[in-house]
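Colleague: Could you walk me through this model? I'd like to go question by question.

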Amino acid sequence: MDSGNLKVVSLLRVMRPAGQGSGSGCGSKGGDGKSGCGSSAGQGDLSPTVWEKVKNHPCYSEEAHHHYARMHAAVAPACNVQCNFCNRKYDCSNESRPGVVSERLLPEQAAKKVLAVASTIPQMTVLGIAGPGDPLANPEKTFRTFELVANFVPDIKLCLSTNGLMLPDHVDRIAALNIDHVTITINMIDPNVGAKIYPWVFYNHKRYTGVEASRILSERQLLGLEMLTARGILCKVNSVMIPGINDQHLVAVNKAVKSRGAFLHNIMPLISAPEHGTFFGLNGQRGPTAQELKLLQDSCEGEMNMMRHCRQCRADAVGLLGEDRSAEFTTEKVMAMEVTYDLASRQAYQEKVEVKRQAVVAARNAELATLAGERSDISILIAVATKGGGRINEHFGHAREFQIYEVSTAGSKFVGHRRVDNYCQGGYAEEDSLETVVRAINDCQAVFVARIGGCPREGLKSAGIEPVDRFALEYIEQSAIAYFKEYLARVRTGELMHKLRGDADIRQGALIA
Amino acid sequence: MAYKIKETTCTGCSACQNECPNNAIVEKNFLFSIDPTKCTECVGFFDEPQCVAICPIPRTINPNPDVPRFQAAV
Ligand code: SF4
Ligand code: SF4
Ligand code: SF4
């Protein structure tokens, strides 16, 4: 794949991974000196080798999320830790939506399923094992599955998510199997904080409770992280933000994991409701608001790459974002399938994606160049209705989520998603569903759409959010920068008063329905 | 005495099965049960019954009143 490699080299300089970008300050993330001021933030702090490993990984790059898919194999039901945000009747909520039970597969069944999905869906590039319990509490099933898949579907990347308790014991095996990404969920580094999150852990044939449980867990997590990064295995850290318990503390967690070589930190909002039956849900522990989450992510960003696009997808979903095809791949159907594995067509698909991605980046950079020389303290948020491909190509009423971009004279950056229910569901728009959308994007100055009806247009305006459809089908970031230039001009002429907007809601549940 | 799994609350997570030193825990169609002739209450292996210590659902694994207490062979 020579041409492929050439493309990769040029992309190294221009692409941004994982929804993190230049940030608004220049000096804050110099890294190895590659990122300049805004325009060529590229892969941020990531080294070229790391970026090469993650750029097609749907979990690490917002925009790879639209082109590539990952699947999880539910081969690991047992767990060795009890979390207060988890109801053990269901899947682990670290990587999936609370309250969902996935089917349980034996390693052989899982391998066959991966083979079947990879043959049908060329976008499928990643197999993760994340549960339903903890993969390393089920080491035999987990590693057997990886071995089988590595044999039959060699071009699939393998990744693993764990609570970290047993990680140090398995690092050699992880390295031997060529598992190149490991996600550790680390919610604290202070056992006193941990005691409010973890009632117990099972370690060394004993159940530990209280502060001691969290002390063991934390030591093992950090040791495992160090051991993995020492072997060059990529480590991402997930943290669940629990207001009043670990929200402030996560800044310290961020420093601790960065200094031990984690390449990405994903701070996720606690999803908590009484009907999930979790300790937190039953005790009225709330999740963070959009602004609280963004503030925390912003305060960590100077330290390391933050991951902003995680939607806490359902772990057993199959397919691209928003189009779940898991019904085609039930255990029964998969076992009956005849599959032929076509490596060439998979590669052809992946090359096409590279070309598309470059076009998006080029458009953004061209527009950004026209902003050079402008200086202003103003920064705004824009909500975008998109089906993917980096374009504004979704009707307002059909949007199931909005992507949020932050724009300033330093450039544009993706800062997160907001889920909304289908505004148009059932044909006619209802007043209260517009309210839902407004609450979800209430911190945005404008919303970019491909089309929008008269009613919601008026509703948005009276809520102080400008509906914009003149960039329909254009590239998102290019349009965002163009809009921002006009915005600055309007503020300058006095046509517009720049006001900070309010907070917004984070809606429950995963996007892949 | 052996231990016994309460089927109505067991989630079938298999955690107990992975830990049992005597392979006393068997699964049939996602239903887990303890073979009273194999369970030693972990005597001779560990200080606490492993299945009880790892089971995530409180009061799901309990002493089996129908079976006399295990006597370690002398
Ligand atoms: S759960 Fe988060 S990390 Fe995993 S695929 Fe979804 S967005 Fe990516
Ligand atoms: S008490 Fe020990 S020996 Fe008996 S079933 Fe549980 S783990 Fe096995
Ligand atoms: S650990 Fe408890 S819930 Fe899990 S299978 Fe054993 S008895 Fe059932």
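Modeller: Strands (E, at least two residues) and helices (H or I, at least four residues) are DSSP runs, numbered from the N terminus. This is a predicted model, where local features need pLDDT of at least 70, side-chain atom pairs count only at pLDDT 80 or more, and totals for chains, interfaces and linings use all residues. Residues are numbered from 1 along each chain as its sequence is written, chains are lettered from A and ligands numbered from 1 in the order in which they are written, and side-chain values use heavy atoms, with hydrogens and water left out.

Colleague: Which residue in β6(A) stands opposite A:Gln82?

Modeller: Start with the open sheet of 3 strands in chain A, with antiparallel pairing in the order β2-β6-β7. β2 (81–82) and β7 (206–209) of chain A are at the edges with a single partner strand each, so one side of each has no neighbour in the sheet. β2(A) is joined to β6(A) (residues 200–203) by 2 antiparallel bridges. Opposite A:Gln82 you'll find A:Trp200.

Colleague: Is A:His170 buried or exposed?

Modeller: A:His170 lies in helix α6 (residues 167–176) of chain A. Leaving aside neighbours within four places in sequence, A:His170 is in contact (heavy atoms within 4.5 Å) with A:Leu136, A:Pro139 and A:Phe143. Because its relative accessibility is 12%, A:His170 counts as buried.

Colleague: Which salt bridge links chain A and chain B?

Modeller: The contact takes 16 residues from chain A and 17 residues from chain B. Across that interface the rule finds 1 salt bridge, defined as a side-chain nitrogen of Lys or Arg within 4 Å of a carboxyl oxygen of Asp or Glu. The closest N and O atoms are 4.0 Å apart, and the pair is A:Lys206 with B:Glu48.

Colleague: Which residues is B:Pro21 in contact with, apart from sequence neighbours?

Modeller: B:Pro21 is in the loop between α1 (15–19) and β2 (25–28) of chain B. Its relative accessibility is 27%, so B:Pro21 counts as partly exposed. Setting aside neighbours within four places in sequence, its contacts are B:Cys42, B:Phe45 and B:Phe46.

Colleague: How many charged residues are in the shell around ligand 3?

Modeller: The residues around ligand 3 include B:Cys10, B:Cys13, B:Cys16 and B:Cys55, where being near takes a heavy atom within 4 Å. Ala, Val, Leu, Ile, Met, Phe, Trp, Tyr, Cys and Pro count as nonpolar, Asp, Glu, Lys and Arg as charged, and the others, Gly among them, as polar. That gives 8 nonpolar and 4 polar residues, and the number of charged ones is none.

Conventions. Buried < 20%, exposed > 50% of the residue type's maximum accessible area, 1.4 Å probe, protein only. Pairing = 2+ DSSP bridges.
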